[in-house]
Each structure stands twice: as structure tokens, then as C-alpha cells.
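Subject: Structure handover

Hello,

Here is the structure for you to look over. My notes on it follow below.

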Amino acid sequence: MSLLRSAPPPVSNSVPVIDLHPARDEQLGYALRQACLDTGFFYIAHHGIDEALIERVFEASKAFFDQPLERKKQVDKAKSPANRGYEFLKGQTLEAGAPPDLKEGFYIGEELSADDPRVRGGEFNAGANQWPEDVPGFRETMNEYFAAMLGLSKRIMRGLALSLDLPEGYFDEFCREPLATLRLLHYPQQPEKPAPGEKGCGAHTDFGGITILLLDDNPGLQVWDIRSERWMDVDPIPGTFVVNLGDMVARWTNDRYRSTLHRVVNTSGNERYSVPFFFSGQLQHEVHCLPNCLNAGETPKYPPTTVGDHMREMYRRTYA
Ligand SMILES: O=C(O)CCC(=O)C(=O)O
Ligand SMILES: [Fe+2]
């Protein structure tokens, strides 16, 4: 019988660090399974992404946000049919009923030319990026980092397949021509007297497949621990990324692997920068419950959906 049907979730109060260079694939699959059955959040170490590139990403991000608002407005996301560019402070409300998020952002996607079938077909978020003119090296750095994140995401998706007792390439179709979004975030300090519920980033789950999150030195990320029913700090660990599972994984696994609630409260006393990379998957891909994630007599909690339908709906809700 599959472990996924029989094993109780392991108990832990913290988020594990998973080494991406284990001796064998099975070891990686096993480590991922433990982490995913638990909080659905884990750090990855020895991920192979160049530290110098990561430094350049932070430098370019800071240089962008340091500009006067007038400059940032030149690349306003509202001008882009593909949702690329600058998002104002308080531009999104990730937690329904809470005040808008105390963050400003910049969205980057895969650079697609006007004659790409995805752009011609009006596919969600397909198109060109908007680039700031006055931040040296911004475009090159972000494109390089985007490509590196795509590669890393595909690798993690393969590990995820193994962790679910599936062939390594099970999610390859989901990973083909995926929607993916790189988001630069800048959080001002949490105000001394915030409005009720006001914070950097409201409680939410991520919408797609997996998220690879690059953190600066500041704490602020909190993850909901369903066992203790408390917010748990997930603080930065140098040399790692934080990875978390999105809604597609919860749907595939009928919540065996959860898309866990998380939020940001920037009480660090500093301005905080982070860089999530959302690997959402191929928009036409239909996501339904995996057969080995259902006990006899159990029914799927979620109806089948496509990546595209779910993404569109979540953008609609959080940008209302
Ligand atoms: O800034 C962070 O640490 C988390 C950001 C996040 O959860 C998101 O953008 O979805
Ligand atoms: Fe998130």
C-alpha cells in the first residue's frame, strides 16, 4: 500500500532544510515527502544558484524601489496587458477582509514576442515585460535569475513526483511552457499603529504549483501551523531558499500535501526585501486528484480545474 495512504503525518514544529544534493533520488523524494506531509514549507540548500547572481538581484531590486515614485510609475503594471511591471504600495489585498498589503512590487514574466502563439491567443499573463530604463543591469539580471528559477522549479517538481510515488517525469507536461512569475517585493516597516489587520502581506495560500522564495536578512514571514494552531516564524537562513507548495499541489493530493497559509508582518525594524518566484504551470493543464491520494470511499475535496482558470480567479479576487 502506498505510504501516502497509510502514513500519519510526521510531527514537527519547524520547517526542515532539504539538501538538493543527496546521494540518491529516493533520498530527496523521501525528504520532500516528510516536509510536504508536514507544513508544506521547506528550505532548500545546495541549490546550485550562484550567490553572486542572488546579490545582483537584491541590488537591482533595491535600486528600482529606491527611485522616486514618478519613475516607478513609468512602468506601472496597469499599462501591461500581461500584468508586468510596478505594483503600488497597497496595490493588492491577499487576505479577504483585511486592509491592503503594505508592500510594493515589481512583476516579471517570461519574455514572449508578439508572434508567440500564447500572446496571439491572448493567454493569461502572456506578453512582454516592462523594464525600468534607469536601473543599470536590471533587465539582464532579472532574465538570468528567471531562467535559473525555471530550471530549479522543474527540478523540484521532479522531486515532488518521486515523493508521491510517481514516475520522476510525471509533472513534465505541467512544466511545459509554464506560466511563471518573478516578483520583487519591498516592505516598509510595519507602522507603529497599524490599522486593524494591517500588515506586509495578508494571510494567503499561493495559487500555482510551487513557490521559490528568496529572503533578505529580515524576519517577517509567518506560516500557519495547523497542529499548534499558531503562526510560526520562518526566518531567513543564509544560502537557502524557502519553498512552499501552492494550490495545485493541494488539489492533486487532496490536501495530503497542503497549500499552507502564510503572511508577512515586518516588525524587523528595517525595510524588508524578498523575491518570490511563482511556478504556476501550463495554463491548459487540468489538475485533478491523484489516484494514490484517495482512500477507498474518499471523495476529492476539489473539483478538477485548469491552471489557467484557477490563476485567473485568484487574480480577480486579490485585485478586486
Ligand atoms: O515576502 C515574503 O516573505 C512572502 C511573500 C509571499 O508570500 C507572496 O508573495 O506570495
Ligand atoms: Fe505567498
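Asp 165 follows helix α6 and has a positive phi, near 60 degrees. Helices here are DSSP runs of H or I of at least four residues, strands are E runs of at least two, and both are numbered from the N terminus.

Some ground rules. This is a predicted model, in which local features need pLDDT of at least 70, side-chain atom pairs count only at pLDDT 80 or more, and totals for chains, interfaces and linings use all residues. Residues are numbered from 1 along each chain as its sequence is written, while chains are lettered from A and ligands numbered from 1 in the order in which they are written.

**Helix α6**

α6 has 26 residues, which at 1.5 Å a residue should span 38 Å. The expected span is 1.5 Å times one less than the number of residues. The end C-alpha atoms of α6 are 37 Å apart, so the two values agree.

The buried residues of α6 include Phe 138, Met 142, Tyr 145, Met 149, Leu 152 and Ile 156. Arg 158 is also one of the buried residues of this helix. Buried means 20 or more other C-beta atoms within 10 Å of the residue's own; exposed means 12 or fewer; partly exposed is in between; C-beta atoms are placed from the backbone.

**The core**

The largest nonpolar core has 71 residues. Such a core is a set of buried Ala, Val, Leu, Ile, Met, Phe, Trp, Tyr and Cys residues joined through C-beta atoms within 7 Å. Phe 42, Ile 212, Phe 241, Val 242 and Val 243 touch the most other members. Helix α6, residues 138–163, gives the most to this core: eight residues.

Take Phe 241. Beyond its neighbours within four places in sequence, Phe 241 is in contact with Tyr 43, Ile 44, His 47, Ile 212, Leu 213 and Leu 214. Contact means that the two C-beta atoms, placed from the backbone, lie within 7 Å.

Leu 182 sits in strand β5. Leu 182 counts as buried because it has 24 C-beta neighbours inside 10 Å. Outside four places in sequence, the contacts of Leu 182 include Met 142, Tyr 145, Phe 146 and Met 149, and also Ile 108, Val 275 and Phe 277.

**Ligand 1**

Which strands each supply at least two residues of the shell around ligand 1? They are β5 (179–187), β7 (210–215), β11 (262–264) and β12 (272–281). The surrounding residues are Arg 183, Leu 185, Cys 201, Asp 206, Leu 213, Leu 215, Leu 221, His 262, Val 264, Ser 274 and Pro 276. A residue is near a molecule if its C-beta atom, placed from the backbone, lies within 6 Å of it.

By class, the shell has seven nonpolar, two polar and two charged residues. Ala, Val, Leu, Ile, Met, Phe, Trp, Tyr, Cys and Pro count as nonpolar; Asp, Glu, Lys and Arg as charged; the others, Gly among them, as polar.

UniProt, in an unreviewed entry, places the feature "domain: Fe2OG dioxygenase" at residues 178–281. Over residues 178–281 the chain is 7% helix and 44% strand, and the end C-alpha atoms are 4 Å apart.

Val 223 is in strand β8, residues 221–225. Val 223 is buried, with 20 other C-beta atoms within 10 Å. Thr 39 is 184 residues away from Val 223 in sequence, and 8.2 Å away in space, C-alpha to C-alpha. Other contacts of Val 223 outside four places in sequence include Phe 41, Met 232 and His 262.

His 204 is in strand β6, residues 201–204. His 204 is buried, again with 20 other C-beta atoms within 10 Å. Leaving aside neighbours within four places, His 204 is in contact with Leu 94, Glu 95 and Leu 261. His 204 and Leu 94 are 110 residues apart in sequence and 5.8 Å apart in space, C-alpha to C-alpha.

**Loops**

Lys 90 is not a glycine, yet has a positive phi of about 65 degrees. Lys 90 lies in the loop between β3 (85–87) and β4 (104–109). It counts as partly exposed, with 13 C-beta neighbours inside 10 Å.

Glu 177, in the loop between α6 and β5, has a positive phi of about 45 degrees. Glu 177 is partly exposed, with 18 other C-beta atoms within 10 Å.

Pro 191 lies in the loop between β5 and β6. Pro 191 is exposed, with 11 other C-beta atoms within 10 Å.

Best wishes

Definitions and conventions: UniProt positions are given in the numbering used here, feature names are shortened, and annotations may be inferred rather than shown by experiment.
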